[in-house]
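Here are a few exercises to work through with the model open. Try each one yourself before reading the solution.

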Amino acid sequence: MDKVKFVPEYNEAAQRWKEQTFQSLIKNHHIQEWLKANQLPESFIYEHTGRFADWVKHVERCDHCQGLAYCTQPIRGQYADLYMDQFLNLGIHRCAYYKEHEQALAHGAYYLDPKVSEAQLTIDLGKLNTTNESNAYKNTLVRVVDFLAQEHPSKGLYFWGKPGAGKSFLAVGIVNHYAKKKIPVAFMNTAQLISDLKMMFHDHEAMEARLRNIRNAAVLVLDDIGGESVTAWSRDDILFPLLDARMEQQRLTLFTSNYNLNDLKVRYAMNGTRTSEPMAAERLIERIRTLADEEFVKGESRRK
């Protein structure tokens, strides 16, 4: 008896898919560009139809891309590419938008104690659109620009004003300016710093290492000073020696606060036990006055 040849139906369906997919692929501009770049015939696509079909679906995600925020790739900012190296291989590459994003954040490496977000790292005061800013805020920006124009400013700035007025925004912009010059900087929220150091209370070496980083930063911002819970320990054992050291070493120091310096002195006179210690407060404020000039930031909250 003769053997009956049986060809599974799915083979015919697979062949039809291969033929149809191949005809579609060779009309695709990505495929045509790839063939030209690799000097290969269209028959090569036919031999690897499945792989090229998957690749085209992937690469077409980048067509008409408007930026990293709109990326639809499985891994944000990275795309797959096929290349020949004896065999057909798949490579993963970072796109131009991703590289641009990396470059925009590269100065983050110069933050000695990284406590800022990616959004904060992108703040560039030189590119700030001031169209809708008030005249008062524009005047503050002029003061900041003049400050940044100084090669070696002798004193920092003490930004004070209502919550949300843009004080921290300006301070981050300033430290970004120096970080882009590859100068070691630190931006510390004062309340968070005190809280972190409390957690290290029984680990003197870790606490000292943390403080050393902040103390030695060429440029330091103490953000929202006076916003922390004031105690004799935080005032006299942490902030005073930190600021005293920076004053002695003439290191550039900036501050943001909801209080002017007179009101801040009143706040630091209290040590958490309802006992007034005006002399201890005066010593601390004197260091701040020596390190920075007051700059009132006028405006309503930007957080609405």
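**Exercise 1.** How are α10 and α11 oriented to each other?

*Solution.* A quick word first: this is a predicted model, where local features need pLDDT of at least 70, side-chain atom pairs count only at pLDDT 80 or more, and totals for chains, interfaces and linings use all residues. Residues are numbered from 1 along each chain as its sequence is written, and side-chain values use heavy atoms, leaving out hydrogens and water.

Step 1: find helix α10 at residues 204-216. Helices here are DSSP runs of H or I with at least four residues, strands are E runs of at least two, and both are numbered from the N terminus.

Step 2: get the angle. α10 and α11 pack at about 40°, with axes 10 Å apart. (Axes are lines fitted to C-alpha atoms, for helices over the stretch in contact, and angles run from 0 to 180 degrees between N-to-C directions.)

Step 3: classify. Angles under 35 degrees count as roughly parallel, over 145 as roughly antiparallel, 65 to 115 as roughly perpendicular and the rest as oblique. So α10 and α11 are oblique to each other.

Step 4: look at who touches whom, with contact meaning heavy atoms within 4.5 Å. Among the residues involved are Met207 and Leu211 of α10, and Trp233 and Leu242 of α11.

**Exercise 2.** Work out how α11 sits against α13, and which classes of residue meet there.

*Solution.* Step 1: the two helices pack at about 30°, with their axes 9 Å apart.

Step 1: that angle makes α11 roughly parallel to α13.

Step 2: the contact includes Arg235, Asp236 and Leu239 of α11, plus Arg283, Leu284 and Arg287 of α13.

Step 3: sort them by class, and you get eight nonpolar, one polar and six charged residues. (Ala, Val, Leu, Ile, Met, Phe, Trp, Tyr, Cys and Pro count as nonpolar, Asp, Glu, Lys and Arg as charged, and the others, Gly among them, as polar.)
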